[in-house]
Amino acid sequence: MRKIAFLYSYSPIIAIFVVKIQRKQTMALIDKINDLLGRIENFNATSAAEIEDFRVKILGRKGELNDILEEFKTVPSEEKRVLGQQINAIKTKANERVAALKEALDSAPVAAASSGDLSRPAMTENLGSRHPISLVRNEICDIFSRLGYTIADGPEIEDDWHVFSALNFAPEHPARDMQDTFFIEKHPDVLLRTHTSSIQVRTMEHQKPPIRVICPGRVFRNEAISARAHCIFHQIEGLYIDEKVSFADMKQSLLYFAKEFFGEQTQIRMRPSYFPFTEPSAEVDVSCNLCGGKGCNVCKGTGWLEILGCGMVDPNVLEASGIDSTKYSGFAFGMGVERIAMLKFGVKDLRLYFENDLRFLGQFDSVL
Ligand code: PHE
């Protein structure tokens, strides 16, 4: 430009000539700007790749906008202000158009997929996992179904007869206490079942022996929530009634279950216990699968872990449900699913099963 200014001072003719050339260049640049503006406004794309090509072609380092900026340098200073604004406007428009098209494409994934855009990132599916309590419940039910048990069901809201009276609970038995049982206000006969043994009563009422059922379900007890107890938990009840069913049959069935569930090396032991609805009654322990019976902090040094209660169905219970106790005998057992799951997975706090933290819940599918 210095050279041109120098020439101006010598020859007004050259000066007019130079101005004319510059004018022509400016007009060409304005045309270019308008043309580009039109193309930006009309640009449409159906794929991310098309949008990216467009962005590079216009805004990229070697793009059209850069060419325009190069030419802009030669524009006379008095025209620079207006043209500069226009060029800036183009840049903004192009960026806006790219963003708008990208957004439209993202919010129409189906349309994009059907147009066959292979450059789009794959849509990830979040796969859920089965709840550890369901996994353990299913596994226990599977094991007993291999022994010929079928699944029986019953209501969570029960009456006194099915939860207590038919199961030989004396009228003043502490389990009926308000501390333990959730009663429905104003209806002392209606309550939330405290154990799944109510399902064994319902089964015996409707089915004649031989009976072989496994009854999974939710139970409710008015207990303070802690690492080892909850007011809602899951139990699985088993009931087997036929002619000449013996304690030895029960022991063998429970040993089979323990080996299937905890591993072939597992042993069981039985300790005398008391339940109103079974006589004799026992608690079953399995050899600790963590220390192999040597004693560790999970089994509190004993080498054994308590897993269930069981016993021979009391004749009173059979009779209460209309089954001839002189002809039939049977056994029942019941276990807490949370407890079994804690032992299986080494979980120390039962509350984790109820918190719905996906990081916790997602760990078990592959284990069972
Ligand atoms: N119902 C008993 C409980 O809740 C468990 C049990 C079931 C015991 C069947 C013996 C027989 O603790």
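**Ligand site.** My list came out as His-195, Ser-197, Arg-221, Gln-235, Glu-237, Phe-275, Phe-277, Gly-309, Cys-310, Ala-332, Phe-333 and Gly-334. This is a predicted model, so local features need pLDDT of at least 70 and side-chain atom pairs count only at pLDDT 80 or more, while totals for chains, interfaces and linings use all residues. Residues are numbered from 1 along each chain as its sequence is written, and side-chain values use heavy atoms, with hydrogens and water left out.

Next I looked up polar contacts, meaning pairs of N or O atoms within 3.5 Å. His-195 puts a polar side-chain atom 3.1 Å from a ligand nitrogen. For Ser-197, the distance from a polar side-chain atom to a nitrogen of the ligand is 2.9 Å. Arg-221 goes to an oxygen atom of the ligand instead, at 3.0 Å from a polar side-chain atom.

**Cis peptides.** I then went through the omegas. Pro-209 and Pro-210 are joined by a cis peptide bond, with omega about 5°. Pro-210 sits in the loop between helix H9 (197-206) and strand S5 (211-220); helices here are DSSP runs of H or I with at least four residues, strands are runs of E with at least two, and both are numbered from the N terminus. I noted another cis bond between Glu-279 and Pro-280, omega about -5°. Pro-280 belongs to strand S8 (residues 278-287).

**Positive phi.** Lys-186 has phi near 70°, positive in a non-glycine residue. I found Lys-186 in the loop between strand S3 (183-184) and strand S4 (187-192). Lys-186 is exposed at 75% relative accessible area, where exposed is over 50%, buried under 20% and partly exposed in between (1.4 Å probe, protein chains only). Lys-244 is no glycine either, yet its phi is about 60°. Its loop runs between strand S6 (232-242) and helix H10 (247-262), and Lys-244 is exposed too, at 74%.

**H3 against H5.** Last, I checked how H3 (residues 48-59) packs on H5 (residues 77-106): the angle is about 170° and the axes are 10 Å apart. The axes are lines fitted to C-alpha atoms over the stretch in contact, and angles run from 0 to 180 degrees between N-to-C directions. The pair is therefore roughly antiparallel, the label for angles over 145 degrees. With contact taken as heavy atoms within 4.5 Å, the H3 side includes Ile-51, Phe-54 and Arg-55, and the H5 side includes Lys-91, Val-98 and Leu-101.

Definitions and conventions:
Angles under 35 degrees count as roughly parallel, over 145 as roughly antiparallel, 65 to 115 as roughly perpendicular and the rest as oblique. A residue is near a molecule or strand if one of its heavy atoms lies within 4 Å of it. A polar contact is a pair of N or O atoms within 3.5 Å; within protein, one must be able to donate a hydrogen and the other to accept it, and residues adjacent in sequence count only if both atoms are side-chain atoms.
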